[in-house]
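This report describes selected features of one protein model. Please keep the sequence and the 3D view at hand while reading.

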Amino acid sequence: MATGDPASTGDQVLDRMLRGGVPSNRSLLVTGGPGTGKSTLAMQFLQEGLDAGERVLYVSTEQTIEEIRDSFSAYEFDLDHENLVYATVHATPGRTIESGEEQTLTLRALDGSEAFDDAFAPPFTAEYLFEYLERYAPRDRIVFDSVSGLAPLSDGPADRRRTLLDLIREFGDEFDATTILTAEADDHDTVLRYATHGVVELRREEVAGDPHHFLEVSKLRGVDHDRRTVEVEFADTGLRAAPARRSQPPALKAHQHRPVGIDGLDALSGGGLVRGAGVLLRHDGRANLAALFGAMLTTALETDHTVTLVPTIGLREDRVRQMLDDRGHDLGDLLADGRLRVV
């Protein structure tokens, strides 16, 4: 990844929403409830880096390396890539040199693979955590999954914010990395919003009795990002913000469309208006309905369709005639030929 270039998330739609990806050397918080895809999105972010020849680090405060492998077994992630390094840490009761026989929270690797002293481990403090993680520097991309595991490090919001800011600064300055941090939805407070450069929210909702997953970029500091909510689905390669056109993929469609003659509207609606169905176009009172109507009417006539027009009170004959004249059609000829009918 070239210096300054955004880091791709591995999903084209989300990258467009972020205006290119995660800003270089910045942090993105991914938050949501259990099973919403936080870790999946984080891992595919690392996979995108691996595919680009980058060095990446996955830090887990909740799972062992074996559990990480099991949780991603359904996906096509290269979990054994030579440029992928795992670090697993958590707080556990134990003894430090300072505490002697007294029990305190100590820093431990979840899988026991690191060389911590069996009798005396380092205390679970930000200082020792940073010292432990620095052995993996430098890295191009980092995932910290999840921030919730840092709760024992702080005594209150102010202390927590300072710790998070120090951690994010450590990843950006010491590692020279672009970072994704994950957190449970109930851990998504103002401290996390303040500390991170951007926030992506994932959620799960029941729609007509079926579970659906949604994604929203609720914050991206200094970037005019896409704030719209998109639906999310899961593929072999990870999380996908889909459909890209905000309509059903062609393979799932049992219906056909008629183009309306406006490229942007046709793209958003999956090819145009659905044949054999009614469509309600709602506007805010400031839309140029005459231009929209004229484009739709012209497209229908130029594709040899017959049009039935039910005009509003304000749509007078002279206005319709002018719109058609501007587009090379004569109202009288269309009425005489039966190609335009007026109710």
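T299 is part of helix α8, which covers residues 289-302. Helices (H or I, at least four residues) and strands (E, at least two) are DSSP runs, numbered from the N terminus. This is a predicted model, in which local features need pLDDT of at least 70 and side-chain atom pairs count only at pLDDT 80 or more, while totals for chains, interfaces and linings use all residues. Residues are numbered from 1 along each chain as its sequence is written, and side-chain values use heavy atoms, with hydrogens and water left out.

Is T299 buried or exposed? T299 counts as buried because its relative accessibility is 17%; buried means under 20% relative accessible area, exposed over 50%, and partly exposed in between (1.4 Å probe, protein chains only). A polar atom of the T299 side chain lies 2.9 Å from the backbone oxygen of A295. Contact means heavy atoms within 4.5 Å. When neighbours within four places in sequence are left aside, T299 is in contact with P259, V260 and G261.

**The pocket**

Helix α8 also takes part in a pocket: eight residues, the largest share of the lining of the largest pocket, come from α8. This pocket has a volume of about 880 Å³. Of its 27 lining residues, the closest to the centre are L273, F293, M296, L297 and V307. The elements that give two or more residues to the lining are β12 (273-274), α8 and β13 (307-309).

Pockets are found on a 1 Å grid over the protein atoms alone: a pocket is an open set of points where a 1.4 Å probe fits, with protein on both sides within 12 Å along at least five of seven lines, and lining residues have an atom within 4 Å of a point. Grid points are joined across faces, edges and corners, and the volume is the space filled by probe spheres set on the points.

**Paired strands**

Two strands pair if DSSP finds at least two bridges between them.

| Strands | Sense | Bridges | Opposite residues |
|---|---|---|---|
| β5 and β6 | parallel | four | I142 and T179 |
| β1 and β6 | parallel | six | G32 and E184 |
| β1 and β7 | parallel | four | V30 and V200 |
| β7 and β8 | antiparallel | 10 | G198 and L220 |

Strand β6 (residues 178-184) is mostly covered, with six of its seven residues buried. Strand β1 spans residues 27-32, and β7 spans residues 198-207. Strand β8 holds residues 210-220. The hairpin of β7 and β8 has two residues between the strands, and A208 takes a positive phi near 55° there.

**Nonpolar cores**

A nonpolar core is a set of buried Ala, Val, Leu, Ile, Met, Phe, Trp, Tyr and Cys residues joined through side-chain atoms within 4.5 Å. In soluble globular proteins, nonpolar side chains tend to be buried together. Which residues touch the most other members of the largest core? They are Y58 and L215, in a core of 34 residues. Helix α2 (residues 38-51) gives the most to this core, namely six residues. A second, separate core has 29 residues, among them L133, L150, L164 and A195.

Not counting residues up to four places away in sequence, L215 touches L14, M17, V200, E201, L202, R228, T229, V230, V232 and L239. One of these, V200, stands opposite V30 in the pairing of β1 with β7.

**Backbone details**

Most residues other than glycine have a negative phi, and most peptide bonds are trans. Several places in this model depart from that.

A cis peptide bond, with omega about -5°, joins A137 and P138. P138 sits in the loop between α4 (126-133) and β5 (141-145). The bond from D145 to S146 is cis as well, with omega near 10°. S146 belongs to the loop between β5 and α5 (157-174).

N25 is not a glycine but has a positive phi of about 60°. N25 is found in the loop between α1 (12-17) and β1, and counts as partly exposed because its relative accessibility is 29%. D304, also not a glycine, has a positive phi of about 60°. The loop that holds D304 lies between α8 and β13, and D304 is exposed, with a relative accessible area of 69%.

Terms used: A polar contact is a pair of N or O atoms within 3.5 Å; within protein, one must be able to donate a hydrogen and the other to accept it, and residues adjacent in sequence count only if both atoms are side-chain atoms.
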